[in-house]
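Student: Could you walk me through this chain, from its overall layout down to a few single residues?

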Amino acid sequence: MLRPALRRIVTSRVHHMHCKPVVASYVEGEMFDRILVALDGSEHASHALHMATQLAQRCNATLVLFHAVEVNAFRSDYDMRVVDSAREAYRRIGMEQADAIMQEAEEQARAAGLSHVLRVVGEGDPVKAVLKVTRETPIDLVIVGTRGLTGLREIAMGSVAHKVSVASPCPVLIVK
């Protein structure tokens, strides 16, 4: 049975949903001790952060803020020094963006009253980076925003949220 605080969140959200909710199996003990929220600076990620903050407060959980920096594998016939230089510049810019996103998210979480907030920055494909953290760290719930990809693009590549929800070892909450 869901804890009363969590039941109120779920009940209020389900009544406002336009689709069927996803149900995760119950595990004995505290509902969630560590909640990871994936951030990319988008509006949907902001909604996910808001939901994660509320849930972390009610469960007295640690909130893990996560951002993946995609460092493209530059392939070129040019001098490898140029490729390495470009890759490093791209990585540096990505890390600066990650720091800004994480700083803003941490400020919002702390302003909401959370005292247990961690930052984790991964590198590479966002799906692989999130899954790596969930396998190497005790995470009880992953919360991600969805960008609502549609049509051929969705069929061809799928969304990060969908891929994480399929492969994650723990429950995933996708927030619109």
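Here are some questions and answers about the chain.

Tutor: Before we start, this is a predicted model, where local features need pLDDT of at least 70, side-chain atom pairs count only at pLDDT 80 or more, and totals for chains, interfaces and linings use all residues. Residues are numbered from 1 along each chain as its sequence is written, and side-chain values use heavy atoms, with hydrogens and water left out.

Student: In what order do the elements of the chain run from the N terminus on?

Tutor: Helices (H or I, at least four residues) and strands (E, at least two) are DSSP runs, numbered from the N terminus. By that count the chain has 6 helices and 5 strands. Their order is α-β-α-β-α-β-α-β-α-α-β.

Student: What share of the residues in the chain is buried?

Tutor: Buried means under 20% relative accessible area, exposed over 50%, and partly exposed in between (1.4 Å probe, protein chains only). Out of the 176 residues in the chain, the buried share is 35%.

Student: How are α4 and α6 oriented, roughly parallel or roughly antiparallel?

Tutor: Axes are lines fitted to C-alpha atoms, for helices over the stretch in contact, and angles run from 0 to 180 degrees between N-to-C directions. Helix α4 (residues 126-136) packs on helix α6 (residues 160-167) at about 30 degrees, with the axes 9 Å apart. Angles under 35 degrees count as roughly parallel, over 145 as roughly antiparallel, 65 to 115 as roughly perpendicular and the rest as oblique. So α4 and α6 are roughly parallel.

Student: How many nonpolar residues are in the contact of α4 with α6?

Tutor: Contact means heavy atoms within 4.5 Å. From α4, Pro 126, Val 127, Val 130, Leu 131 and Arg 135 meet Val 160, Lys 163, Val 164 and Ala 167 of α6. Ala, Val, Leu, Ile, Met, Phe, Trp, Tyr, Cys and Pro count as nonpolar, Asp, Glu, Lys and Arg as charged, and the others, Gly among them, as polar. By class there are no polar residues and 2 charged ones, and the nonpolar count is 7.

Student: Is Lys 132 partly exposed or buried?

Tutor: Lys 132 sits in helix α4. Its relative accessibility is 49%, so Lys 132 counts as partly exposed.

Student: Which residues is Thr 146 in contact with, leaving aside neighbours within four places in sequence?

Tutor: Thr 146 is in the loop between β4 (141-145) and α5 (151-157). With 15% relative accessibility, Thr 146 counts as buried. Once those neighbours are set aside, its contacts are His 44, Ala 161, Ile 174, Val 175 and Lys 176.

Student: What is the phi of Asn 60 near?

Tutor: Asn 60 lies in the loop between α2 and β2, and it is exposed, at a relative accessible area of 64%. Most residues other than glycine have a negative phi. For Asn 60 the value is positive, near 55 degrees.
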